[in-house]
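Let us take a walk through a protein model together, stopping at a few places along the way. Keep the sequence and the 3D view side by side as you read.

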Amino acid sequence: MSEFPKAFKWGGAIAANQVEGSHDQDGKGPSISDVVKRVRPEDRRSMKLPFPSHDEIQEALLDTNHAEYPKRRGIDFYNRYKEDLALFKELGFDVLRISISWPRIFPQGDEMEPNEAGLQFYEDLFEEMHKQGIEPVVTLSHYETPIHLVLEYGGWKNRELVAFFERYSRTVMARFKDHVAYWITFNEINSMFMSPYIGAALTPDDAPEATRQQDIYQAAHHQFLANAAAVKAKKELIPEGQIGCMVIGMINYPSSPHPEDVRQAMEDQRRTYFFTDVMARGHYPAYSRRWFEEAGAAPEMEPGDEAFLAEHPVDYIALSYYMSAVSARPETEGEKAAGNLMSGLKNPYLEASDWGWQIDPSGLRTLVNQMYDRYEKPLFIVENGLGAFDEVEEDGTIQDPYRVDYLREHLQQLKAAAADGVDLIGYTAWGPIDLISFSTSEMSKRYGFIYVDQDDDGNGSLERRRKDSFYWYQKVIETNGEHLDRS
Ligand code: BGP
């Protein structure tokens with residue numbers, strides 16, 4: 001019978017920009033997420049992620065109608081984290097994945113000295129986690145590049161950001177070396193291919209479409225260097241710790257056995273592997289040279305860059321997993337599936353969530369097997385979950401069997417992957433407490449085991465309530481995943 005490894009880490013994952021709120025408290029500067037407007041319900045499946053120009057960012061910075069920018073308010077984790085951690089402890093969490101908001105520490109991003117109030121907030125948070133027996137897993141950059149670095153430096157296409165990121169990473173590692181052993185550099189680094197703003201802090205301002213690809217490759221190269229610099233810093237400052245990269249875990253199926261569909265699926269799969277290839281193996285893969293040639297765009301490198309990447313590969317690979325995608329030859333017609341960043345054609349064999357994301361538990365097993373075959377490094381599933389509408393019943397309960405079904409089916413497949421021999425560090429369910437959606441900034445897209453009383457306009461008491469899935473996940477953790485039945 002398959003089982004999870006004894007030391008398997010169970011928990012949940014949240015991100016500063018989606019939970020903290022208090023966006024301008026204690027010296028925090030604005031981040032790229034603070035200026036992103038909410039998406040209206042009629043556009044929730046459109047995948048039109050906002051891609052603001054400098055003028056639009058300036059306008060947003062002056063706009064004090066905060067209702068339009070839900071990430072500024074989050075779920076008030078900044079003030080309520082003690083209560084929330086107590087609930088996570090009750091769930092039995094071994095770990096909680098959080099992110100540090102870069103502009104809380106360096107409000108503009110380019111300062112020489114950090115903001116002490118920001119550091120103090122995270123120190124208090126880590127101490128409280130320690131008291132509750134929950135180990136932090138910390139992402140350094142979860143869609144939180146300081147906006148000043150966009151407006152003044154042009155985002156990640158500018159090499160100066162590598163040094164700024166290194167300073168930030170070294171600052172927090174030096175300060176929290178006794179609190180944090182597990183680090184992650186960039187959340188979903190491959191997101192820059194689909195959303196250059198979210199992933200690489202690029203706006204359309206300085207780059208007409210023709211040179212955009214150049215900027216994206218350049219930004220990717222700079223984030224690879226920043227990733228390697230953080231790996232080096234971790235080795236020096238926290239030798240016992242572990243540091244990983246993180247990607248949107250996507251598996252691309254061919255739409256048919258037609259050899260050209262199969263080849264297209266391989267090409268699409270490489271849009272994810274490109275990033276892990278560089279950060280886990282330490283060098284640019286051979287196929288990327290052809291990409292650069294075809295696009296007439298290649299990252300500019302300085303002497304020593306490639307040696308630096310080779311010297312500092314990551315210890316493990318973290319991934320989110322929500323769905324799979326179907327790839328087909330370019331001329332193929334077919335209905336598109338939805339997603340927040342990546343998607344493909346509709347898969348007739350899969351059901352979809354209320355937001356149109358295709359649900360594919362079995363794809364998780366296949367994907368982690370493929371990734372383990374390719375890299376032979378431990379894998380950490382740091383996001384997985386179902387965004388759904390929840391109803392509070394008259395008696396105050398929240399019955400969410402759909403969430404339990406989604407999670408248990410994915411965990412069954414993950415357990416099977418462990419039996420396949422894949423080295424798995426752990427599993428952190430996305431949004432264990434309802435939070436602001438990354439893509440649409442809605443509150444009504446809920447992932448949590450814990451309900452938060454707040455609507456899309458920001459009305460509500462913010463009271464926290466246990467959903468039915470809370471008791472289910474508690475049992476899963478208690479039995480190290482042996483219990484994966486419905487009830
Ligand atoms: C990932 C992001 C998260 C997150 C999750 C769910 O892409 O890393 O920040 O929110 O997706 O997406 P959404 O909130 O759009 O439903």
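Leaving aside residues up to four places away in sequence, T440 touches R38, V39 and R44, where contact means heavy atoms within 4.5 Å. You will find T440 in the loop between β12 (424-430) and β13 (450-452). T440 is buried, with a relative accessible area of 3%; buried means under 20% relative accessible area, exposed over 50%, and partly exposed in between, using a 1.4 Å probe and protein chains only. The side chains of T440 and S437 are joined by a polar contact of 3.1 Å. A polar contact is a pair of N or O atoms within 3.5 Å; within protein, one must be able to donate a hydrogen and the other to accept it, and residues adjacent in sequence count only if both atoms are side-chain atoms.

A word on what you are viewing: this is a predicted model, in which local features need pLDDT of at least 70 and side-chain atom pairs count only at pLDDT 80 or more, while totals for chains, interfaces and linings use all residues. Residues are numbered from 1 along each chain as its sequence is written, and side-chain values use heavy atoms, with hydrogens and water left out.

Now turn to Q218, which sits in helix α9 (residues 209-237). Helices (H or I, at least four residues) and strands (E, at least two) are DSSP runs, numbered from the N terminus. Is Q218 buried or exposed? Q218 is buried, with a relative accessible area of 8%. Its side chain reaches the backbone nitrogen of E300 at 2.7 Å. Among the residues that Q218 touches, not counting those up to four places away in sequence, are W156, K157 and A298.

Next comes helix α15 (residues 468-478), where S469, F470, W472, Y473, Q474, V476 and I477 are buried. What do they pack against? The buried residues of α15 pack against β1 (9-13), α3 (77-91), α14 (401-420), β12, β13 and β14 (464-466). After α15 comes N480, with a positive phi near 50 degrees.

Our last stop is a pair of helices. The axes of α10 (residues 259-281) and α13 (residues 361-375) come within 11 Å and cross at roughly 40 degrees. On the α10 side, the residues making the contact include Q269 and Y273, and on the α13 side they include L367 and Q370.

Note on methods
Axes are lines fitted to C-alpha atoms, for helices over the stretch in contact, and angles run from 0 to 180 degrees between N-to-C directions.
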